[in-house]
Each structure stands twice: as structure tokens, then as C-alpha cells.
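Please look over the structure below.

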Amino acid sequence: MSETRKPILDVLNGKKPERVPFWLMRQAGRYLPEYRELRANAQGFLDLVYDPENAAEVTIQPLRRYGMDAAILFSDILVVPHALGQAVSFEAGEGPKLDPILSEKDLSRLNTDLLAGKAAPVYETVALVREKLSSEKFDQTALIGFCGSPWTVICYMTEGGGSKDFHRAKNWAANDPASFQSLADIVTHASCEYLAGQIRAGAETVQLFDSWSGLLEGEQFKRWVIEPTKKIRQYLKINFPQIRVIGFPRGAGIQSLAYARETGVDCLGLDQTIDRGWAAKNLQTIMPVQGNLAPELLLAGGESLEEGLQSVHDAFGGAPWIFNLGHGVVKETKPENVAKLRDIVRGWKT
């Protein structure tokens with residue numbers, strides 16, 4: 001009996017699937033009424049993340065509606081600092097709150113020995129999702145694990161929450177790079193172990209989310225974005241040679257070319273701000289790309305959505321490509337807009 005081929009894994013392995021595969025960042029979440037119902041009965045957000053049965057259910061929910069080609073683990077990039085011992089909470093309507101790491105002396109609060117125990121429920125979720133994919137006959141659906149890239153995770157760890165510029169991380173990195181390197185090394189090591197746990201539990205590929213890579217440029221981008229990503233990719237290549245890695249350096253612009261060449265990732269996620277013509281010529285010729293419809297067009301629906309989809313397809317449809325958004329699904333998006341997107345993308349042949 002021949003093995004069932006999974007279109008996303010085909011693209012990541014350099015094979016040509018019969019159709020363009022797709023999934024959506026934040027495809028499991030607040031735009032779905034079934035998620036809102038489950039979330040209302042849960043306690044805090046982290047309680048939901050660490051509840052394997054419910055987290056697995058949330059992961060599978062969008063597949064039942066839309067049949068994406070990948071399930072992405074329902075979790076959060078701040079699991080890593082939380083598992084290292086940093087206090088993390090999520091306040092309704094306010095986003096994450098962390099007890100900030102402000103200097104080298106604060107690094108003693110982080111303990112990599114805690115990671116395996118605290119992240120164990122996440123690994124159990126991954127295993128449960130693999131079981132559900134099999135039992136619910138999602139035979140061509142890949143399971144994506146993920147973590148935040150070290151630079152982006154450190155932005156939240158040092159700021160104590162969200163920010164537009166994350167000046168604490170930038171100032172620390174520029175003014176005391178030696179101690180900032182110590183923090184980056186801790187988070188990089190933890191990220192390797194965290195991804196390894198997901199892979200052992202059943203993740204078939206992983207994505208690195210560097211949501212704030214666009215805050216850096218030049219040597220700072222190379223040291224704090226490229227180098228930690230390269231270390232993670234090398235670790236995974238040695239320990240899990242079959243696993244492919246998608247890198248998503250949001251906001252990196254033309255620096256995406258150096259990221260693609262130097263990190264060792266196997267596929268490059270593109271946000272909606274990047275010039276598609278440039279990306280097709282300079283990035284898609286190096287490796288498969290993923291992206292990059294603006295989430296706002298999915299929110300708008302109608303002709304705007306149709307025109308946006310055609311534009312993305314015109315740019316990337318002639319070479320290895322995974323369709324996705326340029327960022328996550330906006331929570332106010334109508335489920336029927338996602339259904340329309342699915343119908344259009346399903347009509348694309350490679």
C-alpha cells in the first residue's frame with residue numbers, strides 16, 4: 001500500500017503536488033463560533049493551552065469546516081518563557097502580561113530544567129491531534145508545530161507585554177550585547193528542546209514565528225534574527241533530518257533574502273507588505289514560499305478578496321508555493337469568507 005501524500009509536505013520536500021496547498025495562520029481561533037463556545041467554558045487562556053483535550057479540539061475545528069492542508073498546533077509563543085519560569089498571564093482585552101526580564105541578574109529566574117515538565121501538556125496535545133487527524137480521516141493533512149523565534153520571544157520577555165517598538169529589547173541588545181547574548185542563548189536552547197518535544201509527539205513540520213524581526217536591520221538583524229534561527233535549524237537538521245522548517249520573518253522586507261540564504265530554513269513565509277514581484281524573483285527561486293494575502297482582504301470578502309487571491313496566485317502560482325495569509329486571521333472575519341477563500345484556492349492547479 002502506497003503512503004498517503006500530503007501536499008504541504010510535498011512542497012516542503014521539493015515535490016509538485018496536484019494542487020496548491022493552503023492553511024491559515026490563526027486558523028483556529030476567535031472568528032469561529034465553535035471556538036468561542038469552547039473558550040467561554042474554559043478558564044484563562046493558558047488553561048486552555050495546557051488542556052490537551054480542549055487544545056486538540058481547537059486545533060481540529062477549522063479542518064472540519066474548511067479542510068485545510070495543515071493543522072497548526074493551538075498554543076502560544078509565550079509557552080517557552082512560561083515554561084522557563086517567567087510569570088506569564090493573559091488579561092482579557094489587554095494581551096499578555098509578563099514579569100519582565102530587565103538585566104543580566106534577572107536571568108537567574110529562568111530555569112531550562114523546568115521546560116520538559118511544564119511543556120508536557122503541549123506535547124500531549126500534539127499526540128492527540130495526530131490521533132484525531134487519523135481517526136477523522138484527514139489523511140492528507142499535515143501537522144505543524146511551532147514556536148516563536150528567539151528575538152520575538154525576547155521582545156515580550158523584556159517588555160513585559162506587547163509594544164509597537166519593543167525598545168527595551170533593542171536597547172539591551174545594542175548597549176550590552178554580551179549579556180543579551182546570554183538571554184538569547186537560553187531562549188534558543190529552550191526553543192530547540194520545545195520543538196524537539198513537539199516533533200517526538202508527532203509534528204511533521206514546524207514554523208518559526210519571528211513576528212518582530214522587522215524591528216532590526218543590518219548587523220543587529222544578522223545577530224539576533226538570523227543567527228538564533230540558524231542554530232535552531234542546525235539542531236533540528238542533526239536530530240530530525242526529515243523535518244522541514246518554515247521561517248516567517250515578518251516585516252523583514254529585503255532582509256528576507258539574507259534570512260533565506262543564511263538560516264537554513266526550507267520555506268520562507270511572506271507577510272503582506274513584501275513586494276510580490278521581488279519575492280517571486282529573488283526568494284521563490286531559492287526555496288518554496290508561503291503566503292501572503294493580506295488578512296484585511298479576507299476580512300472584507302467579496303470582490304476585494306477575489307482580486308487579492310488572483311494577485312497572489314499570479315505572483316507565486318508558477319513555482320513551489322503554499323498559500324497562506326501574510327499574518328493571522330482577523331478575529332472579526334466572517335466564517336463564510338474563509339469558505340469562499342477555500343473554494344477559490346481549491347480550484348488552483350499546480
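Leaving aside neighbours within four places in sequence, S211 is in contact (heavy atoms within 4.5 Å) with T152, F248 and R250. This is a predicted model, in which local features need pLDDT of at least 70 and side-chain atom pairs count only at pLDDT 80 or more, while totals for chains, interfaces and linings use all residues. Residues are numbered from 1 along each chain as its sequence is written, and side-chain values use heavy atoms, with hydrogens and water left out.

**Residue S211**
- S211 sits in the loop between β5 (205-210) and α10 (218-239); helices (H or I, at least four residues) and strands (E, at least two) are DSSP runs, numbered from the N terminus.
- S211 counts as buried because its relative accessibility is 15%, and buried means under 20% relative accessible area (1.4 Å probe, protein chains only).

**Cavity**
- The lining of the largest cavity is formed by P249, R250, S256, G269, L270, D271 and I274; a cavity is a set of points on a 1 Å grid over the protein atoms alone where a 1.4 Å probe fits but cannot get out, and lining residues have an atom within 4 Å of a point.
- This lining divides into 3 nonpolar, 2 polar and 2 charged residues; Ala, Val, Leu, Ile, Met, Phe, Trp, Tyr, Cys and Pro count as nonpolar, Asp, Glu, Lys and Arg as charged, and the others, Gly among them, as polar.

**Nonpolar core**
- The largest nonpolar core has 124 residues, and L24, F323 and L341 have the most contacts inside it; such a core is a set of buried Ala, Val, Leu, Ile, Met, Phe, Trp, Tyr and Cys residues joined through side-chain atoms within 4.5 Å.
- Helix α9 (residues 177-201) gives the most to this core, with 10 residues.

How values were computed. On a 1 Å grid over the protein atoms alone, a cavity is a set of points where a 1.4 Å probe fits but cannot get out, and a pocket is an open set with protein on both sides within 12 Å along at least five of seven lines; lining residues have an atom within 4 Å of a point. Buried means under 20% relative accessible area, exposed over 50%, partly exposed in between (1.4 Å probe, protein chains only).
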